[in-house]
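Subject: The structure you asked about

Hi,

Here is the structure I promised to send over. Have a look at it first, and then read on for what I found in it.

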Amino acid sequence: MKQVAEMLGLGLLAALVAAGVVLLWHHFRPSSAEGDDDNEENKEEVAEYMSMMIALLYAMLLGLALVTVWDVRESAETHASKEAGALHQITVLADGFPEDQRRRINTAAQEYATEVVRTEWPRMNDRQNLGEPGWDLVRQIRAASAAPPDATPAQQVTALEMLAQLSILDESRRGREHEGQETLSPVLWAGMVLGAVLSVCILFFFGIGRSPSQLVMAMGMVALTVFLLFLINELSRPFGDVAGVGPQPFTRYFPTAAVPAPGPGP
C-alpha cells in the first residue's frame, strides 16, 4: 500500500504541476478577443488529442496487465502438467521394483495426488500457503524410490530414472507453489482503475450521449472496460475457478484423487 500511495501522490503532484503551468501560460499570454473563434477551435483539437493520448496510454496499460497475468497462468499450467506427468512416470517406473516397494511408491503417489487435488488446489485459489503435508509426501516418495540393497542392474537404472522424475516433480511443485502466491502489482491495479474512471469522465466532458448512437457507443465502451478489468482480475488468480488452471492434469492420471472421501457413517 505504501508504493500505491507514493505513486498516487506522484501522479497528483504531476497533475497539479501541469495545471499550474497551464494557468501561468494563460496568465502571461492572455488570448485576444479577435481570436476567440480560433482559440475555441484550437481548444477542441487539443482536447481531442488529449483524449486520444489518454485512451492510447490506457490501452497500453490494459495490454501490459493482460500479458502479465496470461504469462503467469501459462507458467502455472506448464508446472502443473509437468508435476502430474512426473508423478505418473514415477508410478510407471515403480513396476521395475519389488512388489512391496512398488506398492509403497504407488500408495504415496496416490496420496500425493489426492492431497494436491482436494487440499492444495482450494488453498491456491485463496492464495494460501500450501503447508508441509505435500512436501512430506514428496519425501516419502523419494525414500520409497531408493534402489533396494540387492538391486539388479536394471533396478539401479530404474532408481536413477526415478531420481530424475523426482527432480522434475520437486521443481514443478516449487513453481506451482510460487505462482499460487503471485498477484498483480497494486500500482498497476491503481493505474487501471484510475484510467477507467478517467476514460469514462472524458465521455461526459465531450457531452457524449446526446444521440442514441453515441449512447450505445458509450455503453459499449464502459461495458468493455468493466469486462477487461474482470478478466484481468480472474486471470490474476492462476488457479481460480473461472479462468484458472484446474487439477485435471492430476485427475487424468489419478482419477480417484477427485473422488470425495466418504463421510462418517450414521
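This is a predicted model: local features need pLDDT of at least 70, side-chain atom pairs count only at pLDDT 80 or more; totals for chains, interfaces and linings use all residues.

**The overall picture**

The protein chain has eight helices and zero strands. Reading from the N terminus, the order is simply α-α-α-α-α-α-α-α. The chain has 266 residues, and 34% of them count as buried. Now take the contacts between residues at least 6 apart in sequence: 82% of these join residues at least 24 apart.

Two packed helices are described by the angle between their axes and the distance between the axes, so you will see both values for each pair.

Start with H3 (residues 99-125) and H4 (residues 133-144). Their axes are 9 Å apart and the packing angle is about 165°. An angle over 145° counts as roughly antiparallel, and H3 and H4 are therefore roughly antiparallel to each other. Their crossing is left-handed. If you want to find the contact on screen, look for residues including Ile105, Ala108, Ala109 and Tyr112 on the H3 side, which meet H4 residues including Leu137, Val138 and Ile141. By class, this contact of H3 with H4 has nine nonpolar, three polar and four charged residues.

Next come H3 and H5 (residues 153-180). Here the angle is about 10° and the axes are 12 Å apart. Angles under 35° count as roughly parallel, so H3 and H5 are roughly parallel to each other. From H3, the residues Ile105, Tyr112, Val116, Glu120, Trp121 and Met124 take part, and they meet Met162, Leu169, Arg173, Arg176 and Gly180 of H5. That contact divides into seven nonpolar, one polar and three charged residues.

The remaining pair of this trio is H4 and H5. Their axes come within 11 Å and cross at roughly 175°, and H4 and H5 are therefore roughly antiparallel to each other. H4 brings Gly134, Trp135, Val138, Ile141 and Arg142 to the contact, while H5 brings Leu163, Leu166, Leu169, Asp170, Arg173, Arg174 and Glu177. The contact of H4 with H5 has six nonpolar, one polar and five charged residues.

Is Arg173 buried or exposed? This residue of helix H5 counts as buried, because its relative accessibility is 0% and the cut-off for buried is under 20%. Leaving aside neighbours within four places in sequence, Arg173 is in contact with Glu83, Tyr112, Val116, Glu120, Leu130, Gly131, Gly134, Trp135 and Val138.

Ala109 is in helix H3 and is buried too, with a relative accessible area of 0%. Beyond its neighbours within four places in sequence, Ala109 is in contact with Leu87, Thr91, Ile141 and Phe254. Ala109 and His88 are 21 residues apart in sequence, and their C-alpha atoms are 8.0 Å apart in space.

Then there is Ile90, which you'll find in helix H2 (residues 36-93). Ile90 counts as buried at 0% relative accessibility. With neighbours within four places in sequence left out, its contacts are Ile105, Ile141, Ser145, Met162, Gln165, Leu166 and Leu169. From Ile90 to Asn106 is 16 residues in sequence and 8.3 Å in space, C-alpha to C-alpha.

**And two in the loops**

Where is Arg127? Arg127 is in the loop between H3 and H4, and it is partly exposed, with a relative accessible area of 25%. Check its backbone as well: phi of Arg127 is near 60°, a positive value in a residue other than glycine. As background, most residues other than glycine have a negative phi.

Ala146 is in the loop between H4 and H5. This residue is partly exposed, with a relative accessible area of 42%.

Definitions and conventions
Residues are numbered from 1 along each chain as its sequence is written. Side-chain values use heavy atoms; hydrogens and water are left out. Helices (H or I, at least four residues) and strands (E, at least two) are DSSP runs, numbered from the N terminus. Buried means under 20% relative accessible area, exposed over 50%, partly exposed in between (1.4 Å probe, protein chains only). Contact means heavy atoms within 4.5 Å. Axes are lines fitted to C-alpha atoms, for helices over the stretch in contact, and angles run from 0 to 180 degrees between N-to-C directions. Angles under 35 degrees count as roughly parallel, over 145 as roughly antiparallel, 65 to 115 as roughly perpendicular and the rest as oblique. A crossing is left-handed if the near helix is turned anticlockwise from the far one by less than a right angle, and right-handed if clockwise. Ala, Val, Leu, Ile, Met, Phe, Trp, Tyr, Cys and Pro count as nonpolar, Asp, Glu, Lys and Arg as charged, and the others, Gly among them, as polar.
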